[in-house]
Amino acid sequence: MQPTAPLLRRLRRLALTTKQVNGGYYKGTGSGSMGRHTKHGGYIIDYKKVRTYVVPTDLKDFKLTPFVTKTMEPLKGHFEGDPKGGLSGERYLDKWKRENGMD
């Protein structure tokens, strides 16, 4: 059974897979190598290949904006008087009963 001509055209536009090409085609993940393997099974990192990201020093005049706002206050839990803090099962059950009622 052969695919129709329009379907065959759509298939050719998609990215290649390893099953569509002869041996020797390796798609990879785009991550690149950061070093080399040793003959004893180890790995040696080559720091010339490691990616480093340089952050601008003065971000106030920087034109690009971050995805997260700079004005957001950090959220903190309120666990006063509970020695276990947020891991307390009693606190969880009390909150569940307040929000969902008694079942």
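The protein has two helices and two strands. Read along the sequence, they follow the pattern α-β-β-α. The model is predicted, and its mean pLDDT is 78. Of the 103 residues, 4% are buried.

**Confidence**
- A pLDDT of 70 or more is reached by 83% of the residues.
- Confidence is lowest in helix H1, which covers residues 5–13 and has a mean of 68.
- Confidence is highest in strand S2, residues 43–45, at 95.

**Helix H2**
- Helix H2 covers residues 89–100.
- H2 has twelve residues.
- From its first C-alpha to its last, H2 reaches 16 Å. That is close to the 16 Å expected at 1.5 Å a residue.
- In an α-helix there are 3.6 residues a turn, so residues three or four places apart point the same way.
- What follows H2? The next residue is Gly101, and its phi is positive, near 80°.

**Surface and contacts**
- The protein exposes about 10900 Å².
- Take the contacts with a separation of 6 or more: residues 24 or more positions apart account for 0% of them.

**The nonpolar patch**
- Which residues form a nonpolar patch on the surface? They are Val55, Leu59, Phe62 and Leu64.
- Together these four residues have about 400 Å² of accessible area.
- Leu59, one of the four, lies in the loop between S2 and H2.
- Leu59 counts as partly exposed because its relative accessible area is 37%, and that class runs between the 20% limit for buried and the 50% limit for exposed.

**Gly32**
- Gly32 sits in the loop between H1 and strand S1, which covers residues 35–37.
- Is Gly32 buried or exposed? Gly32 is exposed, because its relative accessible area is 53% and exposed means over 50%.
- Gly32 and Lys49 are 17 residues apart along the chain. Their C-alpha atoms are separated by 8.9 Å.

Notes: Residues numbered from 1 in each chain as written. Predicted model: local features only at pLDDT ≥ 70, side-chain atom pairs only at ≥ 80, totals over all residues. Heavy atoms only, no water. pLDDT = per-residue confidence, 0-100. Helix = DSSP H or I, 4+ residues; strand = E, 2+ residues; numbered from the N terminus. Patch = residues over 30% accessible without salt bridge, like charges linked within 9 Å, V, L, I, M, F, W, Y side chains within 5 Å. Areas by Shrake-Rupley, 256 points an atom, 1.4 Å probe, with all protein chains shown as cover. Salt bridge = Lys/Arg side-chain N within 4 Å of Asp/Glu carboxyl O. Buried < 20%, exposed > 50% of the residue type's maximum accessible area, 1.4 Å probe, protein only. Expected span 1.5 Å × (residues − 1). Contact = heavy atoms within 4.5 Å.
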